[in-house]
Amino acid sequence: MLLISCPYCGARPELEFTHGGQAHLARAREPAAVGAQDWADFLYMRDNTRGVHAERWRHTHGCGRFFNALRDTTNDQFIATYRLGEPPPAAAPEPEAMP
Amino acid sequence: MTQTLRVAQGGRVDRTRTLQFSFDGRSYKGLAGDTLASALLANGVHLLARSFKYHRPRGILAAGAEEPSALVSVRRDAARYTPNLRATQVELYDGLEAHSQNRWPSLAFDVGAISDLLSPLFPAGFYYKTFMWPRRGWKALYEPYIRAAAGLGRAPTEADPDRYANRYAHCDVLVVGGGPAGLAAALAAAERGARVMLCDEQAQLGGSLLAEPAGEPADAWLVRSIASLRSNARVTLLPRTTAFGYFPHNLIALNQRLTDHLANPQAGQTRERCWQVRAQQVVLATGAIERPLVFPGNDRPGMMLAAAARTYLNRYGVIPGTRAVVIAACDEAYRAAIELHQAGVAIAMIGDVRSGADGHWPEAARRAGLPVLTHATVLETRGRLRIKAVRLARLDAERRLIGAIQTHACDLLLMSGGFTPSVHLHSQSRGKLAWDERVQSFIPSQAAERARSAGSCRGVFSLAAAIEDGADAGSSAAGDAATHASGFPAATDGSRPPPDGAMAGYAGALPQPQAAAGSKAFVDWQNDVTTRDLALALREGFVSIEHIKRYTTAGMATDQGKTSNLNALGFVSQRLDKAIAEVGLTTFRMPYTPVTFGSFAGFARGELFDPVRTTPIHEWAVRHGAVFEDVGLWKRARHFPQAGEDLHTAVARECRAVRSACGIFDASTLGKIEVVGRDAVTFMNRLYANAWTSLSVGRCRYGVLLREDGFVLDDGVVARTAEDRFHVTTTTGGAPRVLALMEDYLQTEWPELQVWLTSTTEQWAVIALQGPHSRRVLQGLVQDLDLSSAAMPHMSVARGAICGVPALLFRVSFTGELGFEVNVPADYALAVWEAIYQAGAAHGVTAYGTEAMHVLRAEKGYIIVGQETDGTATADDVGLGWAVSKLKPDFVGKRSLARPALNAPDRRQLVGLLTADPKVVLEEGTQIMQAPGQRPPARAIGHVTSSYYSAALERSIALAMVAGGRARIGQTLCAAGPSDDLPVQVTSPVFYDPQGKRLDD
């Protein structure tokens, strides 16, 4: 079970969290103006990254907040977790896993 | 029986406490501190088991967790019967009852041993190649026979009555292994102030030190170290605890055995505890396992690893035989020979497979007058139930005989092929391994977690060096990289430094003279895999070691190839003429040793297996004979059968009561979400497909929630209870999903909206009253509520009270009848329900369950999300196009609704189906075909989603999703049955009161 550092609560076990898919995909302000292919891409196409992947998590059984994380998909190590609206840290050091 | 092979003194057993035990019904004596294996050896018993595939007689090979052969069952009673235990790990207690396995009628005479003679029929992969025909034969004949013939122990016949526990723990440093390196690591880390946990699979801490002769400096160090750790409050020592799994982010699973060693465990005492330890740092000090040697006839009882023999002698005071031949590929074997010799065992010969042996121990053996033969190999062994003789030869580099073949009588054959570091946990953690030339084995290199290995599990074999290595690992794990004095007198071990290559040993099959036929040479004892099987796999073209492993099953038994993996690799490397490092290693998986199901289940059994959700009215339903069904975690009353009623008659009666009088229904499981805030209406407009601005306070609307891809996710009645407040109901199963979706959009897409979301599912209980008499039933119970149609029309909501309890009253209907849903705080629900039920008696009130509810709503063509919809249905597909706002510029799913595919005329649409015979109720899921007699590849054009017998219509009805269904109303299609096809007429999905007159009473 992974240990995930919620930016609001600190390190908690994975079973408190829900994975929320790829991060930084914004819903168009006016979806009606989006072309068919772009809309299909938004709905269905996701990166399948080998390496560092920006993804959403929700601390469902904790504070309930969504946040973003950089996780290396090759070894499941979290490089960083950060709040919504914040840009992904460029090269943040690995967060200390234990509070 | 007497313990004839117990030496007069020495060992760590308690000679003052004699224990009685039985094996296969025969009574023996042992001592406190014995394992079942050591106690049996003390009594001269070597034959313990029959092998998995060939039923060959097997004895005790090892002294610890790596034992592949000596598997036994231990029985306390019919339910407490544990099969497949390694006799080397079963602690002896008074009255222990053990049984051998996989033999009939007895261990010494086993009819199944015929399979050994027939073994040419069962080469590797035989079950892939033979028994192919007749086709039915596999299921009826071959598989049951093979299953019965091959195998290990049998499962207990009764449910496990014992208690198992789970525990979570955190620590700074977890040390796995309580041998010299592990103890040194724990001491060093504890000295640095770290919170330390140390676990060891054995009852006593000490690991390999326990196999050292008593009275040496190592013994004093062990006693001192354990005392120091025990006195430290920040150290937790866990003996009898196996670290069996390494999971990401330093989560280690431990299995602690608490009662298996006790003669009389107390009732209710926890048998095992499964720990999940999250460690900042891990030190793996898991030791090394001695390798057997591979030669013809290497599996007879009486054959043992050399280090195991030392353990039996020095720890248990037992000599495993009286006349031994020792086959050595490393210097450790000499040490065993010397000590056994001193204990009175005649050493007939030490055959060293190497060309020379001049280290400390070989020299000591020669000085003691023990005969040594270099260039040695074993040609053959003899003895059916116990080894009787060994034939040795000397071979030159070209595998030509040097001199004469020697035959030595013996009752014990010791072997040492060197030591394989136990890298299981390191490898489980995805740490990398590297081939080490010096120790001829794979050792840990790069760790993937915050972990380090220390001692012999990384090839540091000498005692002093292992202790230093452990101390270094412990202090660096505790955050101090400086070297640390272990307090161990370095000089004691200095007299026996292993020279380079002394520990390298041998991997693969021992060389045999050219053109020697030879009998079976076992590589994997537990799965009965021989060199012939491996050779066959190579001949048949398997090259990858992972494929060879699976084809031959080498290393795939419950022992995970602890004694066999490297020999299998060595053999493959010999045959392919490739270095072992190039052949590669197979994957290590958890568990390190088998773990009981009870330990994994822990408390999660019976009632605690899964949470059960019950409504506040549950108790009443139980009292009134409800039959329950599981809906998610909820228990819902399905129907309330009266005496003599089956499901069908009970549901028909309940349905008639609702249509003719009044039914009462527990709808408390309905999901409820309160949407509150200045921007609540904006939020609802953006989320739900319906228009909400026009919904006035006090009114309700049937809401449809789509996913962003345009398909129906959920539905439910939404009430506006204030300008800034919506009471949103969801399906029973969909509540968490809907709330999660709401939170997602609110937090990530529209954080500017001032809206708060609260689940109120458990706070509001819902009592539905449905039927023409429902108003009359409620009339006398409510306060501050006008139930008239003028004040409270269909789809309205009002606050008031019922029976003096604050209530939110809805006028809604999921039956097509006049209906109310009384929402009251959960704590009052049972009292209110009972009051309504009592008041309703005069009006024919009848409790109905979910089955009647399903029939009633199907008669009206009301959909159930997840039954009519399957994640690919749009609102229009299921006849809810009217609910989707055409005017709102945007809501979740709107853009997708404009996609051409979602507007194709041949989409499956909700329709009704009527069978020609009104008594025939179609199976739900029945495929609808265009014409009779069609079978695949003809495509189905639809499927039945709901199907019931309608009491009100006195005939069967069905709802179905049919391609272009609405345009087919009036047509006759075909329902594909298992034997014949039935004509079905396509109708409107609304079967009952299509004008909806009964709603507007």
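User: Where in chain B is B:Asp528 found?
Analyst: This is a predicted model, where local features need pLDDT of at least 70, side-chain atom pairs count only at pLDDT 80 or more, and totals for chains, interfaces and linings use all residues. Residues are numbered from 1 along each chain as its sequence is written, with chains lettered from A and ligands numbered from 1 in the order in which they are written. Helices (H or I, at least four residues) and strands (E, at least two) are DSSP runs, numbered from the N terminus. B:Asp528 lies in the loop between strand S27 (522–524) and strand S28 (529–530) of chain B.

User: Is B:Asp528 buried or exposed?
Analyst: A residue is buried if 20 or more other C-beta atoms lie within 10 Å of its own, exposed if 12 or fewer, and partly exposed in between; C-beta atoms are placed from the backbone. B:Asp528 has 27 other C-beta atoms within 10 Å, so B:Asp528 is buried.

User: What is phi of B:Cys803 near?
Analyst: B:Cys803 sits in the loop between strand S39 (796–802) and strand S40 (805–811) of chain B. Most residues other than glycine have a negative phi. B:Cys803 is not glycine, yet its phi is positive, near 55 degrees.

User: Which residue does a cis peptide bond join to B:Trp104?
Analyst: Most peptide bonds are trans. Here the bond is cis, with omega about 0 degrees, and the partner of B:Trp104 is B:Pro105. The loop between strand S7 (96–99) and helix H2 (114–117) of chain B holds B:Pro105.
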